[in-house]
Amino acid sequence: MLYAAQRRRCAVYTRPLARLIEQLQRLPGIGPKSAQRLALYLLNRPEAEIQTLAQALLDAKQQVGHCQVCYHLSAEPVCEVCSNPNRDQQTICVVADSRDLIAIERTREYRGRYHVLGGVISPMDGIGPESLTIQPLVQRVHREKTHEVILAIGPSIEGETTTLYLSQLLKPFTKVTRIAFGLPVGGELEYADEVTLAKALEGRREVE
Amino acid sequence: MVGFFSIAPVAVVYLQRLHLRQFRNYAEQWVEFVAPKTILVGDNAQGKSNLLEAVELLATLRSHRTSRDGDLVRSAQDCAQITGWIDRAAGPLELSLSLRRVGRRTLVRSGETLRRQLDGLGSLNAVEFSSLDLDLVRGGPEQRRRWLDGLVMQLEPIYAHLLRQYERVLRQRNALLRDWAKQRRQGQALSDRAAELAIWDAQLAATGTRLIRRRARAIARLAPLASRWHGAISGRVETLTLTYAPNVAIAPDVWQLPALEEARAIEATLLAQIRDQAEIEQYQGTSLVGPHRDEVTLAVDDAPAKQYGSQGQQRTLVLALKLAELCAIEAVVGEPPLLLLDDVLAELDLARQNQLLGAIADRFQTIVTTTHLGAFDARWLDSAQVLTVRSGEIVA
């Protein structure tokens, strides 16, 4: 069925346009209809604007790499968080990828530093501990004499496995904590789904 | 529809209306259920079982006939939809399941799209009995596990989530073991993954324990009901024993412990077994210990049911299991589930039909399919709504 749709498109679109749609469609969250809409929109823009877009894509790809310390996306060898002297050097928050780091930064609650693993352990996808930045993390904790490592990895099966693996690895060297899971703030208890409620019950604590 | 006005007033029709769109061989069909018993009559391959399957899907989100949503969508269409109007003690609700040839399902309950589909489980409960269920006696352990899982899901909807978690751990762990075994065969230097495997062992034991406890609890509830029904149907000459046989041997006294200690003891047993089998597992490259290898044993007078008796006797046994399931769900949920009888009623002799009729009385809304009305006891026909199905349409 998909093939039929593709064949139809080749007949309708001129070749360069078909190629653009094809490329856009590879982006996450973009289906055939959105790809067509974006492509036709782009065609209507002035050439200078398209140049800017193309250049921005290339620049980002060529200039953005990983921070040497925490592996967050960064154009500099050391990222802004790691080079900021006002941040707590003794606390490391471990996240699966840069998107999670950005989400936590937005809260403006956390003043320590980060470590980006680059994924979670998943043998099915061929991702073992050695494919993540776990060795550098251990070395970092050793070197920086970290006081606390906060594990902030989502509670999927793979995330949970990664959390357990890291806590066993790091416990001999430092205090290891993990973020809590449970009810969204402002949410009503009766509307929470069962799985979340069960998790929240599991992580209950004594009232201080 | 003869005699439909004579139904006792206590009878409740839980599923009141059903709408099918592009589902299997139905283009568009409304069904109104006006009596506690509905008989769908028609030739083979007209769509009777498809209609039961639609009800089963709304209740359990699974079909016993297929695991691929694409099979459920009418040919040359992209999306099928099943909508049911349900009236229960908790109030009326509308449940709508959309199935796609490509892409994921959506489940909408009274206008709200459920982010987690298992939240929709329990809106409608149903027990299905078809000729395929004879495999419960004759088939392999996986048939009985699947049946048991379906039952536990209806008793405790969160089980669907726990089962998915366990299956995920199992797949990941198997991938790791397979990888390891491959390296071994190819004579490569083995990377040290013992620490990683230990975490998956712990995950398997933790998620597996949740399944084992819930399965044990369900069977404990079901077993006495099943023997009682079997006694009633077979005339009390033979005793049916239903036993949960987990793949890891759990000491009988463990089940007497308080909940938390019971869980810990089972988890420890699982872990110990996993360690015992570690070398064989690493050699074979797959997980050999855990509830994915559980069994439910059926024995009649202490002899395995598989070798027992005629087809008729095996059918009696399955009927007893289904009636037990019906009562267990009613006891736990507080309301009687729907009973879906796919082509099996006419195969029962009149005495067994009467047993069944007496058992369900007007308490359970029942939908029955059949190719001919001739084999039915007159009492069935008198109180039932009869619908004729012809090539994907209800014609009368």
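Within chain B, Trp147(B), Leu151(B), Gln154(B) and Leu155(B) of helix H3(B) are in contact, that is, have heavy atoms within 4.5 Å, with Leu321(B), Lys322(B), Glu325(B), Ala328(B), Ile329(B), Val332(B) and Val333(B) of helix H8(B). By class, this contact holds eight nonpolar, one polar and two charged residues, where Ala, Val, Leu, Ile, Met, Phe, Trp, Tyr, Cys and Pro count as nonpolar, Asp, Glu, Lys and Arg as charged, and the others, Gly among them, as polar.

The structure is a predicted model, in which local features need pLDDT of at least 70 and side-chain atom pairs count only at pLDDT 80 or more, whereas totals for chains, interfaces and linings use all residues. Residues are numbered from 1 along each chain as its sequence is written, chains are lettered from A and ligands numbered from 1 in the order in which they are written, and side-chain values use heavy atoms, with hydrogens and water left out.

Two packed helices are described by the angle between their axes and the distance between the axes. Helices here are DSSP runs (H or I, at least four residues), as are strands (E, at least two), numbered from the N terminus; axes are lines fitted to C-alpha atoms, for helices over the stretch in contact, with angles from 0 to 180 degrees between N-to-C directions.

| Helix pair | Angle | Axis distance |
|---|---|---|
| H3 (residues 141–155) of chain B and H8 (residues 311–333) of chain B | about 20 degrees | 9 Å |
| H8 (residues 157–170) of chain A and H5 (residues 194–234) of chain B | about 125 degrees | 10 Å |

H3(B) and H8(B) are therefore roughly parallel to each other, while H8(A) and H5(B) are oblique; angles under 35 degrees count as roughly parallel, over 145 as roughly antiparallel, 65 to 115 as roughly perpendicular and the rest as oblique. Residues that make the contact between H8(A) and H5(B) include Leu164(A) and Tyr165(A) on one side, and Ile199(B) and Trp200(B) on the other.

Between the chains, the contact takes 25 residues from chain B and 21 residues from chain A. The buried area, meaning the accessible area (1.4 Å probe) that two parts lose on being put together, summed over both, is about 1,900 Å², and carbon and sulfur atoms give 64% of it. On the chain B side, Gln172(B), Glu196(B) and Ile199(B) lose the most area to chain A, together 28% of what that side buries.

Chain B averages a pLDDT (the predictor's confidence in each residue, from 0 to 100) of 88, and 96% of its residues score at least 70. Over residues 1–10 of chain B, pLDDT stays under 50.
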